[in-house]
Amino acid sequence: MEILITNASDRPIYAQIASQIQDAILSGELQEGQALPSIRSLANDLRISVITTKRAYADLEEAGFIDTVQGKGSFVAGGNRELLREGRLKRVEELLAQAIGEASAADVPASELHEMLDALMEDG
């Protein structure tokens, strides 16, 4: 898993980290029970403060995406399939909202957008 931080983003660095780890969990790139890099290791790799990575991990733990075991590290949380499904549904909604915005800007009617979605679903 590679985490990319951009200073051009309006989102804080800890939120960028948490979002990318969450996306990796939701996409299946990170599997249930898989160990995450230590807070210190991730901070060193990204050349950022340990406090920043700690905040990202705390947010992920609060949201139920990871579990932290004192002295052992942080791991992808298991057993909460409904949470993962909800996260994926939220991501799909965000992407569809973006697509609707693009379609609206291009004066694409809803019926044509539905046809596009149906065609894409059939392909795959």
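These questions and answers walk through a predicted model of one protein.

User: How many helices and strands does the protein have, and what pattern do they follow along the sequence?
Analyst: Start with the count. The secondary structure comes to 5 helices and 2 strands. Read along the sequence, these elements follow the pattern α-α-α-β-β-α-α.

User: What radius of gyration does the protein have, beside that of a compact globule of 124 residues?
Analyst: Take the spans first. Along its principal axes, the C-alpha trace covers about 55 × 35 × 20 Å. A compact globule of 124 residues would have a radius of gyration near 14 Å, but the protein has 18 Å.

User: What share of the residues count as buried?
Analyst: A residue is buried when its relative accessible area is under 20%. Apply that cut-off to the 124 residues of the protein. The share that counts as buried is 22%.

User: Among contacts between residues at least 6 apart in sequence, what share join residues at least 24 apart?
Analyst: Contact here means heavy atoms within 4.5 Å. Take the contacts between residues at least 6 apart in sequence. Of these, the share joining residues at least 24 apart is 47%.

User: At what angle do helices α1 and α3 pack, and what is that arrangement called?
Analyst: Helix α1 covers residues 13-27, and helix α3 covers residues 50-62. Their axes are 8 Å apart, and the angle is about 45°. That angle makes α1 to α3 oblique.

User: Which hand does the crossing of α1 and α3 have, and which residues make the contact?
Analyst: The crossing is right-handed. From α1, the contact uses I13, Y14, I17, A18, I21 and Q22. From α3, it uses T52, T53, R55, A56, Y57, D59 and L60.

User: How does the contact of α1 with α3 divide by class?
Analyst: Sort the contact residues of α1 and α3 into classes. Two classes are 3 polar and 2 charged residues. The remaining class is nonpolar, with 8 residues.

User: Which residues does T52 touch, leaving aside its neighbours within four places in sequence?
Analyst: T52 lies in helix α3. T52 and I13 are 39 residues apart in sequence, yet 7.1 Å apart in space, C-alpha to C-alpha. Leaving aside neighbours within four places, the contacts of T52 are I13, Y14 and I17.

User: At what angle do α2 and α3 pack, and what is that arrangement called?
Analyst: Helix α2 covers residues 39-46. Its axis and that of α3 are 8 Å apart, and the angle is about 120°. That angle makes α2 to α3 oblique.

User: Which hand does the crossing of α2 and α3 have, which residues meet, and how do they divide by class?
Analyst: α2 passes α3 in a right-handed crossing. I39, R40, L42 and A43 in α2 meet V50, T53, K54 and Y57 in α3. By class, this contact has 5 nonpolar, 1 polar and 2 charged residues.

User: Is K54 buried or exposed?
Analyst: K54 lies in helix α3. Exposed means a relative accessible area over 50%. K54 has 54%, so K54 is exposed.

User: How far apart in space are K54 and D118?
Analyst: Look at the sequence first. K54 and D118 are 64 residues apart there. In space, C-alpha to C-alpha, the distance is 43 Å.

User: Where is R47, and what is its phi?
Analyst: R47 lies in the loop between α2 and α3. At 77% relative accessibility, R47 counts as exposed. R47 is not a glycine, although its phi is positive, at about 60°.

User: Where is D107, and what is its phi?
Analyst: D107 lies in the loop between α4 (81-105) and α5 (110-123). D107 is exposed, with a relative accessible area of 68%. D107 is a residue other than glycine, yet its phi is positive, near 55°.

User: How far apart in space are S49 and L120?
Analyst: S49 sits in the loop between α2 and α3. At 35% relative accessibility, S49 counts as partly exposed. S49 and L120 are 71 residues apart in sequence, and in space, C-alpha to C-alpha, they are apart by 43 Å.

User: Which residues does G33 touch, leaving aside its neighbours within four places in sequence?
Analyst: G33 is in the loop between α1 and α2. At 45% relative accessibility, G33 counts as partly exposed. Leaving aside neighbours within four places, the contacts of G33 are F75 and V76.

Conventions:
Residues are numbered from 1 along each chain as its sequence is written. This is a predicted model: local features need pLDDT of at least 70, side-chain atom pairs count only at pLDDT 80 or more; totals for chains, interfaces and linings use all residues. Side-chain values use heavy atoms; hydrogens and water are left out. Axes are lines fitted to C-alpha atoms, for helices over the stretch in contact, and angles run from 0 to 180 degrees between N-to-C directions. Helices (H or I, at least four residues) and strands (E, at least two) are DSSP runs, numbered from the N terminus. Angles under 35 degrees count as roughly parallel, over 145 as roughly antiparallel, 65 to 115 as roughly perpendicular and the rest as oblique. A crossing is left-handed if the near helix is turned anticlockwise from the far one by less than a right angle, and right-handed if clockwise. Ala, Val, Leu, Ile, Met, Phe, Trp, Tyr, Cys and Pro count as nonpolar, Asp, Glu, Lys and Arg as charged, and the others, Gly among them, as polar. The radius of gyration is taken over C-alpha atoms; the globule rule is 2.2 Å times the number of residues to the power 0.38. Buried means under 20% relative accessible area, exposed over 50%, partly exposed in between (1.4 Å probe, protein chains only).
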